[in-house]
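I opened this model to look up its fold, its core, its charged pairs and its surface. My entries follow in the order in which I worked.

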Amino acid sequence: MNWEKCHFMVREGIVLGHKVSKDGLEVDKAKVEAIEKLPPPISVKGVRSFLGHVGFYRQFIKDFSKLFSHLCRLLEKDVSFKFDDACLNAFKELKKKLVSARIIVAPD
């Protein structure tokens, strides 16, 4: 075991984006704020990174494939990177659903 990662007898800690304490589960505010402030990607690498993160939660987001397809077109081979209004709207909608849905928000 890695000694630096082992914490015994702690009163609270962050686990998978949620703050666990004697009061129960709470949302890690820093994670929600980081996603809300995320700027639109300006390169293929940025799109790939964002889609990788959002793809983890795809089963919780309604109409994920429709929104995903606009951004996924930017990753096709021999296609110039053109981040148009449809891509920007898909990015904003995915970001909004990621923060507002019961994905990052603590369960009741």
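**Entry 1**

I started with V15, which counts as partly exposed because its relative accessibility is 46%; buried means under 20% relative accessible area, exposed over 50%, and partly exposed in between, with a 1.4 Å probe and protein chains only. V15 lies in strand β1, residues 12–15. I took helices (H or I, at least four residues) and strands (E, at least two) as DSSP runs, numbered from the N terminus.

V15, V20 and L25 make a nonpolar surface patch of about 230 Å². Patch members have over 30% relative accessible area and no salt bridge; like charges are joined within 9 Å, and nonpolar side chains (Val, Leu, Ile, Met, Phe, Trp, Tyr) within 5 Å.

**Entry 2: basis of the values**

I note that this is a predicted model, with pLDDT of at least 70 needed for local features and 80 or more for side-chain atom pairs, while totals for chains, interfaces and linings use all residues. Residues are numbered from 1 along each chain as its sequence is written, and side-chain values use heavy atoms, leaving out hydrogens and water.

**Entry 3: the chain**

I read the pattern β-β-β-α-α-α-α along the sequence, with four helices and three strands. Of the 108 residues, 28% count as buried. The chain exposes about 8300 Å², and carbon and sulfur atoms supply 56% of that area; accessible areas come from the Shrake-Rupley method with a 1.4 Å probe, and for residues only the protein chains shown count as cover.

I also looked up contacts, meaning heavy atoms within 4.5 Å. Among those with a separation of 6 or more, 55% join residues 24 or more positions apart.

**Entry 4: the core**

The largest nonpolar core has 18 residues, and F50, V54, L71 and L94 have the most contacts inside it. Such a core is a set of buried Ala, Val, Leu, Ile, Met, Phe, Trp, Tyr and Cys residues joined through side-chain atoms within 4.5 Å. Helices α1 (29–36), α2 (44–55), α3 (64–72) and α4 each supply at least two residues of this core. The most come from α4, with six residues.

I then listed what L94 touches: F50, V54, I61, F64, L67 and L71, not counting residues up to four places away in sequence.

**Entry 5: the salt bridge**

How many salt bridges are there? I count one, where the rule asks for a side-chain nitrogen of Lys or Arg within 4 Å of a carboxyl oxygen of Asp or Glu. The side chains of K96 and E93 form it, at 3.9 Å from N to O. Both residues lie in helix α4 (residues 85–100), three residues apart, about one turn of the helix. E93 counts as partly exposed because its relative accessibility is 25%.
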